[in-house]
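Biologist: Could we go through the side-chain contacts in this protein together? I would like to begin with the charged pairs.

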Amino acid sequence: ASLDPIELQAQGSRTATGTLALTKGSLKAKLPDSVSKALAKQWGTVIMTCDPMQVSVTVNALTLPSDAAGTIPPFAPGADMDLVARIEPWRVTAEGSPTLAFGTNELVLKSRAGTGASVKLTGSLGAEGTPAAPLDISLQTAQLLDAQGRFAPGKGSLKVVARVKDFPTGLADRLSGMDGSLVDMLGPAFTVDLSGRTGTTREDFFKATFTSPTLEVQAPVVRLGDGVLSIAPDAPMTAELRPDERFRERIMKPLNPIFADIETTQPIRASLQSLQLPLPVDVRAVQAALSLDIGEVAVRKSSQFLALLDYVVASPQKTIPVKFMPLPVRLGNGLLTYKDFHMFIGKLNKDTWQYPIFGEAQINLASDPPYADFIDIRYPYSAIAGTAGKFKGARDGLAKFDKWLSAMPGAKDVVNSLQQKVRYSGPLSGGELQMECFPIHLPDSGGGKILDGVQKGIGNAIDDLFGKKQ
């Protein structure tokens with residue numbers, strides 16, 4: 001039969017009970033853009049422009065029993081399919097997305113309704129003007145129908161093998177609803193090699209590798225069952241990060257703004273020890289534990305977190321050597337927290353640093369933009385006294401402090417242990433954070449618990465450096 005633009009050839013029969021059985025057949029069609037737009041609209045996608053779609057289907061076998069109403073559902077009990085569909089090169093532009101250029105793609109569909117189905121897609125896809133990404137994706141489900149015989153593919157275990165090279169991240173970001181975060185994390189394109197199956201037993205898991213210009217990820221055991229993506233501590237996901245400017249600003253900065261000021265391009269090691277991520281993603285429902293190992297890097301001297309330090313103020317260089325110790329981080333209820341932030345500045349030789357700096361933080365990732373409830377940094381008093389002493393109000397206090405030092409045996413050891421706590425807070429959206437300077441507590445023999453003059457001087461230093469944002 002031929003009905004422009006569709007041409008159909010088939011050989012088979014329909015029984016008295018209504019079962020349609022084809023032993024072979026073929027279909028060729030050139031579908032106008034209106035058909036593609038109507039189909040996409042059913043899936044909530046608006047197509048702006050697209051080419052006519054040239055499709056050919058080869059039927060190797062097809063059995064479709066009719067139901068009591070005389071209709072022929074494709075996944076009823078007793079239905080079998082063995083089809084090969086071929087789509088010729090095709091371009092499409094969806095609303096808010098770049099123009100996608102599909103190469104020649106072939107889809108093989110085999111199903112035995114109620115007991116399973118398999119789909120294999122091979123071909124290529126890319127954004128117009130960029131090299132096409134090879135596609136090789138296989139899906140296999142072990143159960144299509146529920147106990148009542150209704151089509152319910154989500155009830156069964158899904159086996160997946162996917163190998164995709166240089167896939168455009170913008171498209172994946174849109175499909176996953178990540179609002180640009182996937183592009184920030186992966187860069188313009190990524191390659192994935194994934195295999196495994198969904199389910200809730202110990203044998204049901206995926207293993208995967210992801211590579212892109214900004215990271216390389218090894219995931220030996222990732223589970224997907226009951227709508228939750230999970231990782232267990234006995235098989236952590238490991239990653240090597242190669243942050244570019246966009247990655248540092250959008251991904252690293254919400255952890256701590258100083259990470260966005262890192263200039264060094266050396267890889268950063270990360271490990272995701274545990275994860276519970278419900279799908280679709282809601283950051284308020286995510287539970288995770290991870291660690292970040294940055295090591296020794298160069299940090300911009302202009303970083304707000306370094307500008308109080310005498311060593312930084314005196315340096316003629318644009319960057320400062322900083323050594324970060326491994327940082328354990330937790331995420332729960334939309335809050336990212338850590339208690340063991342630890343870095344060193346003032347490098348004396350290969351393994352010796354002059355000033356240790358400590359901190360803890362709570363970041364609200366559910367806020368838009370992410371909001372620092374607090375990032376508390378504890379500076380050694382000896383590392384900031386010079387900067388504070390240059391400001392009005394500090395000199396008398398410092399003189400009093402020096403007098404106390406000369407009169408008290410072992411007082412210098414006390415000074416070396418003193419810390420100045422500064423709290424940074426506010427939206428992590430590009431500007432500097434608000435700062436609050438906490439009192440320095442001294443022994444009673446030093447003339448009181450708080451050395452007011454020194455404290456005031458540090459506050460004045462903050463005002464001068466950061467535009468009276470204390």
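Modeller: Asp184 and Arg250 form a salt bridge, with their closest N and O atoms 2.8 Å apart. The term salt bridge is used when a side-chain nitrogen of Lys or Arg is within 4 Å of a carboxyl oxygen of Asp or Glu. This is a predicted model, in which local features need pLDDT of at least 70 and side-chain atom pairs count only at pLDDT 80 or more, while totals for chains, interfaces and linings use all residues. Residues are numbered from 1 along each chain as its sequence is written, and side-chain values use heavy atoms, with hydrogens and water left out.

Biologist: Which parts does the pair of Asp184 and Arg250 tie together?

Modeller: Asp184 lies in helix α3 (residues 181–186) and Arg250 in helix α4, so the bridge ties together parts that are 66 residues apart in sequence. Helices (H or I, at least four residues) and strands (E, at least two) are DSSP runs, numbered from the N terminus.

Biologist: And is Asp184 buried or exposed?

Modeller: Asp184 is buried, at 2% relative accessibility, whereas Arg250 is partly exposed at 42%. Buried means under 20% relative accessible area, exposed over 50%, and partly exposed in between, with a 1.4 Å probe and protein chains only.

Biologist: Which residues are linked with Asp184 in a network of salt bridges?

Modeller: Asp184, Arg246 and Arg250 are linked in such a network.

Biologist: How many salt bridges does the structure hold?

Modeller: There are 19 salt bridges. One of them joins Glu245 and Arg248, at 2.6 Å from N to O. These two residues are 3 apart in helix α4, which means that about one helical turn separates them. Glu245 is partly exposed at 43%, and Arg248 is buried at 9%.

Biologist: What about Lys37, and which residue does it bridge to?

Modeller: Lys37 pairs with Asp33, and their closest N and O atoms are 4.0 Å apart. Both lie in helix α1 (residues 33–42), 4 residues apart, so about one helical turn separates them. Lys37 is partly exposed, at 29% relative accessibility, and Asp33 is partly exposed at 31%.

Biologist: Let us change topic. How many aromatic pairs are there?

Modeller: The count is 7 aromatic pairs. Rings of Phe, Tyr and Trp (its six-membered ring) pair if their centres lie within 6.5 Å; planes under 30 degrees apart count as stacked, over 60 as edge-to-face and the rest as tilted. Phe259 and Phe324 have ring centres 5.4 Å apart and planes at 75°, so this pair is edge-to-face. Phe259 is in the loop between α4 (245–252) and β18 (268–278), and Phe324 is in strand β21 (residues 319–324), so the pair ties together parts 65 residues apart in sequence. Phe259 is buried at 2%, and Phe324 is buried at 3%.

Biologist: How are the rings of Phe305 and Tyr424 arranged?

Modeller: Their centres are 4.2 Å apart and their planes at 15°, so they are stacked. Phe305 lies in the loop between β20 (295–300) and α5 (310–314), and Tyr424 in strand β26 (residues 419–427), so this pair ties together parts 119 residues apart in sequence. Phe305 is buried at 1%, and Tyr424 is buried at 0%.

Biologist: Which residues do ring pairs link into a cluster?

Modeller: Phe259, Phe324, Tyr338 and Phe341 are linked in this way.

Biologist: Lastly, how many disulfides are there?

Modeller: The count is 0 disulfides, a disulfide being a pair of cysteine sulfur atoms within 2.5 Å. Cys50 is buried at 12% relative accessibility, and Cys437 is buried at 11%.
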